[in-house]
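Subject: The structure we talked about

Hi,

Here is the structure I promised to pass on to you.

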Amino acid sequence: MDAPLPTLRIALPVPLPQLFDYLPPEGPAPDVVVGCRIRVPFGPRELVGVVVEQGSADPAASLRQALTWLDPAPLLQAELWHSLQWLARYTHAPLGEVLSTALPGPLRHGEPMPETHHWGWQLSADGREQRGSLRAGSRPRQLAELLADAVVDEDVIAARMDDWRTAARSLAKRGLAERVALAVAPLQASPLGGPTLNPEQATAVQAITAAQGFAPFLLDGVTGSGKTEVYLQAIIQCLAQGRQALVLVPEIGLTPQTLARFRSRLGIAVHAFHSGLNDNERARVWAAASRGEARVIVGTRSAIFMPLPEAGLLIVDEEHDNSYKQQDGIRYHARDFALVRAKALGIPVVLGSATPAMETLHNAHAGRFTHLRLKVRAGDAMPPRVRILDVRKRPLRDGLSPQVLEGIAEHLRNGQQVLVFKNRRGYAPVLLCHDCGWTAPCQRCDAPMTVHGAGRRLQCHHCGARQAAPLACPACASLALQPQGIGTERLEEHLVQAFPDVPVLRIDRSTTSRRDALEQQLARLGDQPGILVGTQILAKGHDLPKLTLVVVVGIDEGLFSSDFRATEKLAQQLIQVAGRAGRARDPGEVWLQTHHPGHPLLETLVNGGYHPFAAAELNQRQAAGFPPFAHLALLRAEAQQVEHASAFLLAVRALVGEQPHLEAFGPMPAPMPRRAGYQRTQLLLSSAQRPALHAVLDHVAPLLQGLPEARKVRWSLDVDPVDLY
């Protein structure tokens, strides 16, 4: 009898919940093959997969042979390898797709690990001798002083000196300094001193740095309380122990501001990782982290897949933010996966927010997280004064009351800055015919198109469709087409006309899509009097010392929503945007325009703040059986014909059957039944016990692809959905 053939079980980036068996490629294999990438034939294509395990097969089996090894040693190993396998099990997603998601593009496509050397500057022997003779106060002298003790990474120099390259060229021309390639970025940090910590900050830093092993912390601090300073002090201690730190931020726009502050303070290269970088840049950071060279990484959601062989600290800033949840592909939540990784790595993890998510607060109240409170603003800053403006029966011009316009003018006269907040981009939400009532619909979605370009363009914010606005009503040929409602473009237009002598800058997704666009916009404003008009992008983490008035326009639509998370999102948004005011010595004000001044949510937020609201919200969630007191999984299906989507979910419901600890709701139309030309239905599974929910999903999920009804639909499974739309 012939001996069995050795085989490789490989995870491939295909939407099938299985591994694929191949014969090993010709030639020598790595000493350890599990976790190595390998190129294989797959039908008429070639794919890059990852070896999961070794096996054996009968010699008569007709297996294809893999083509070539791509790594001399495992690319995915140790903690990250096991954590990614956990993620595949938890999300019930194919392991091959999870592993592919975790890798930067070039590595996903089979390219080798990139080089990761840095550039730095050092004084020459002549430079060390002549440093004292350089003109005092000159830029070359400043740079020479910075380079006095060691080679300094270019990123650190840039964070501590403006226009330093001119000074560097001057020193290099005289032979006093030289640029050197750093095979490995300097691992020893030389941090600068920071502000004196107040007692609450000091207590938080001490608790985090004293933690041994896995320790989850909720750093719950009011806006402006100095959470970033706590992060910095904890990172400095982490670096002193020779460990790596990973910091997650929710938006690309926050990354440059955070990077600049971290680089100037930490005295070590701080690496960025986000979708604004090209694939090669992301791959270099990933490789530097894998080799232990990147000691501090600041990134958005996908940075949670960073390899950390010498991990010491994980931080999730603005942990409540929904952008940490991936809404397509592998539907993971970066905050939750950070907790899983920190536990596997045996390190502290800090979740920071002024408005913690209900799930995080529930864990803190239950004692699963250590709850660290920062109740006062850092330095001399005082909390802003909140004022509710009743605009019922008041004249509004483009959504602004005369009282608001007078308040803006007063703050501008005092040399201060104003933020007008409206969480709807575009010119107006709807184009309406005043004669017959026609509204401009999206032809592919059950939603109206948003007006852009002062009424000249229409764009769907759901599927991206664009078209020119019609000159006359398609229904009645009337010329009485009017934009209805207010967006950021319309507010900007009105404020430019009302205040022509000051800069008016609009900050929304349309104006900040380019790399570093947000930083450039804020730099244009500087410290001069001016007005910012913005969406939720401006509500997150930005420090604007001259901003003393925040006007919130159009919050009423968020007060009455069918989404059970809507009040939480609105409360977080209001608290976050209010926190932009009065962060320096000048006192701040927050004005809320509303037609519902007596609404309980507004009264609770104004009179008590976020925590009384959160306590009431958690009580309501518990009574209704909503998260965090229940665990959800959402199956979505979409097809050209709604019957096909419903038939698939009916088949899924039949597979689920009747379960003692699980409820199934649906199939039912999605809140937006048609989107991008597809009819959408969904099935919601709910259980008070997480193991009961996953036991059902463990049984059902592997069978979904094989259902005959699945061939006619696109479907997805979202465990712990944050958006039921």
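Below is what I found, going from the whole chain to single residues.

First, how to read it. This is a predicted model, in which local features need pLDDT of at least 70 and side-chain atom pairs count only at pLDDT 80 or more, while totals for chains, interfaces and linings use all residues. Residues are numbered from 1 along each chain as its sequence is written, and side-chain values use heavy atoms, with hydrogens and water left out.

**The whole protein**

The protein has 21 helices and 30 strands; these are DSSP runs numbered from the N terminus, H or I of at least four residues for helices and E of at least two for strands. Its C-alpha atoms fill a box of roughly 95 × 80 × 55 Å along the principal axes.

Of the 725 residues, 54% count as buried (buried is under 20% relative accessible area, exposed over 50%, partly exposed in between, with a 1.4 Å probe and protein chains only). Among contacts with a separation of 6 or more, 75% are between residues 24 or more positions apart (a contact means heavy atoms within 4.5 Å).

**The cores**

The largest nonpolar core has 82 residues; such a core is a set of buried Ala, Val, Leu, Ile, Met, Phe, Trp, Tyr and Cys residues joined through side-chain atoms within 4.5 Å. Leu76, Leu84, Trp286, Ile297, Ile304, Met306 and Leu532 touch the most other members. Helix α17 (residues 566-578) gives the most to this core, with six residues. Apart from it lies another core of 33 residues, including Ile208, Leu239, Leu266 and Leu313.

What does Leu532 contact, once its neighbours within four places in sequence are left aside? Its partners are Val418, Leu419, Val420, Leu505, Ile507, Leu522, Leu525, Leu538 and Leu544.

**Helix α13**

Helix α13 (residues 358-365) is mostly covered, with six of its eight residues buried. Those six are Met358, Glu359, Thr360, Leu361, Asn363 and Ala364. They pack against β9 (215-221), α12 (334-345), β14 (348-353), β15 (370-374), α17 and α19. Gly367, with a positive phi near 85°, follows the helix.

Ala616 is found in helix α19 (residues 610-624) and counts as partly exposed because its relative accessibility is 38%. Its C-alpha atom is separated by 9.4 Å from that of Thr604, twelve residues away along the chain.

There are cis peptide bonds to look at here. One joins Pro627 and Pro628, with omega about 10°, and Pro628 is found in the loop between α19 and β27 (631-639). Another runs from Gly666 to Pro667, with omega near 5°; Pro667 lies in strand β28 (residues 663-675).

Ala676 has a positive phi of about 55° although it is not a glycine. This residue lies in the loop between β28 and β29 (678-687), and at 24% relative accessibility it counts as partly exposed. Asp720, also not a glycine, has a positive phi of about 60° and lies in the segment after β30 (714-719).

Happy to go through any of this with you.

Best wishes
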